[in-house]
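I am opening a notebook on this structure.

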Amino acid sequence: MQKLSLNQSLSQKLSPQQIQFIKLLQVPTAELDTRVEEELEINPALEEGREEPEAPTTEEDFDEPSDDVSSTEDLNVEDYLGDDEYAGYKMQGDGNYSEEDDREMPVAMQSSLNDQLDMQLGFLGLDDRQTLVAKQLIGSIEGDGYIRRELDAIVNDLAFAQNVETDVDELEDLLHEIQQFDPPGIGARNLKECLLIQLDRRWEEDDPDPAVEMAKAILSICFEEFTKKHYDKIIKKLNIEDEVLMKDAIHLITKLNPKPGGVSGGMAKTQYLIPDFILTNNNGEFDLTLNSRNAPELRVSQSYSDMFSAYDKSDKKDKKLKETVSFVKQKLDAAKWFIDAIKQRQNTLLRTMDAMVRFQYEFFLEGDETKLRPMILKDIANEIHMDISTVSRVANSKSVQTDFGIFPLKYFFSEGISTVSGEDVSSREVKNILNQLIDKEDKSKPLSDDKLEKSLKARGYNIARRTVAKYREQLNIPVARLRKEL
């Protein structure tokens, strides 16, 4: 038999206003304008502009309705939907619209990589069939400039999709022609071929450069040894006697472009970093302000408020009127919630950044990276009496403009490491010293992680070898063997 039971549970759910605030909090300044424009578009009860103080109301205001408010009997859905007297409510068609409003700023356009290659293809003088095959090859070139699709697969693509019969030999010939296009190295199938194509462009039969010859020999015969920087094996394998010439050849190879397709940005836009906070130092006292774009001027539409107020004097039994009022109330509430969420966002941002400035006062005073204190999200959350997730949302994709440059907020959060004296220092300070040690090392005998660990301990930092390896990887510094130079 089935039994019915009654269970009591306690759960916590976020209200729609809280969800809206959380989403706005993690939006950076650069995207806030777009979010506000979206809300203005979907909510006609929300307008741009400062909120006007409400006029004092008296009993006479309710006894005698003003002339500009229509009678409640005329307030219905049909009249509301047909009302076109608000200038600017429609995209086009009302009195304030002009063709100049529809114009956009011109955008500088760049041709894509495929467009550049197609243009160069026209100079080869190919027939229609060869042009079709060559365009298939160009279309197979990826964004970094390489063709990674097998030629056999391209032959099948042409047969099934284009109904063109060809073979690998013909593709090889056409691919060789495409590899002579600009930028140098385009159309290569691997890194080795890409670098050799660029060296071939530097080769001159009348006056051959010994360094180019040496570089081609290293890549052709000792490519694996070169990638692992086993220079001793290269010298032995190629019987090299002139180490200066080898050094010039290695230097020449390292100057080649491993991603030839990267020089063509296509439609890429220049991204500008917009700081969310502006911090200025006035003789040791900091002035913290929000970027003005974080404080849009928004208000609730007065016409919608008047429309809703008229409901108190209307016949509440009118079904159409109830539908209209329900719609208006929904839009008014959404507008008020959005304005409140924007204000709460501003307050939370300022409280969080103010706590960070007080915590990292010495750094903001001098801009010295070694002055950074160990700081985690919990430290700031305890300071402002908020949840860690709130601080995390503020720190995510936000930045501050200081006298020393623009810094992402995540830059100031770091772990603590104990020194010999028992003090806690920021891991960023340790990374800075680690970077200095590697910059000053003898490149012919680079320091291993063990030696770096001993050097740091000699400076008073208790740190393990695996931590040194982790910090080195975070700094994008390769292992000692790959840092070796002749």
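I began with Tyr-411, which counts as buried because its relative accessibility is 16% (buried means under 20% relative accessible area, exposed over 50%, partly exposed in between, with a 1.4 Å probe and protein chains only). Phe-407 is buried as well. Before going on I noted that this is a predicted model, in which local features need pLDDT of at least 70 and side-chain atom pairs count only at pLDDT 80 or more, while totals for chains, interfaces and linings use all residues. Residues are numbered from 1 along each chain as its sequence is written, and side-chain values use heavy atoms, with hydrogens and water left out.

I looked up the aromatic pairs and found 10 in the structure. Rings of Phe, Tyr and Trp (its six-membered ring) pair if their centres lie within 6.5 Å; planes under 30 degrees apart count as stacked, over 60 as edge-to-face and the rest as tilted. Phe-407 and Tyr-411 make a tilted pair, with 5.0 Å centre to centre and 35° between the planes. Tyr-411 also pairs with Phe-412, edge-to-face, at 5.4 Å centre to centre and 85° between the planes. I then listed one aromatic cluster, formed by Phe-286, Tyr-361, Phe-363, Phe-364, Phe-407, Tyr-411 and Phe-412.

Phe-412 counts as buried because its relative accessibility is 1%. Which residues does Phe-412 contact, leaving aside its neighbours within four places in sequence? I found Met-356, Gln-360, Phe-363, Phe-364, Leu-372, Arg-373, Met-375, Val-400 and Phe-407, where contact means heavy atoms within 4.5 Å. One of these, Arg-373, has its charged end over the ring of Phe-359, 4.1 Å from the ring centre. For that, NZ of Lys or CZ of Arg must be within 6 Å of the ring centre and within 35 degrees of the ring normal.

I looked up the largest nonpolar core, which has 44 residues. Such a core is a set of buried Ala, Val, Leu, Ile, Met, Phe, Trp, Tyr and Cys residues joined through side-chain atoms within 4.5 Å. Phe-412 is among those with the most contacts inside this core, as are Met-353 and Val-400. Helix 15 (residues 319-359) gives the most to the core, with 13 residues. A second, separate core has 21 residues, including Met-214 and Phe-226.

I counted 21 helices and eight strands in the chain; helices (H or I, at least four residues) and strands (E, at least two) are DSSP runs, numbered from the N terminus. Which residues of helix 2 are buried? They are Thr-29, Leu-32, Val-36 and Glu-39. Seen down the axis, the buried residues of helix 2 fall within an arc of 60°, so they line one face (the arc is that of the directions from the helix axis to the C-beta atoms). On the other side of helix 2, Glu-37, Glu-41 and Ile-42 are exposed.

In helix 6 I found Val-133, Ala-134, Gln-136, Leu-137 and Ile-138 buried. The buried residues of helix 6 pack against helix 5 (113-121), helix 7 (151-162) and helix 8 (168-178).

I placed Thr-390 in helix 18 (residues 388-395). Thr-390 is buried, with a relative accessible area of 15%. Beyond its neighbours within four places in sequence, Thr-390 is in contact with Leu-25 and Thr-348.
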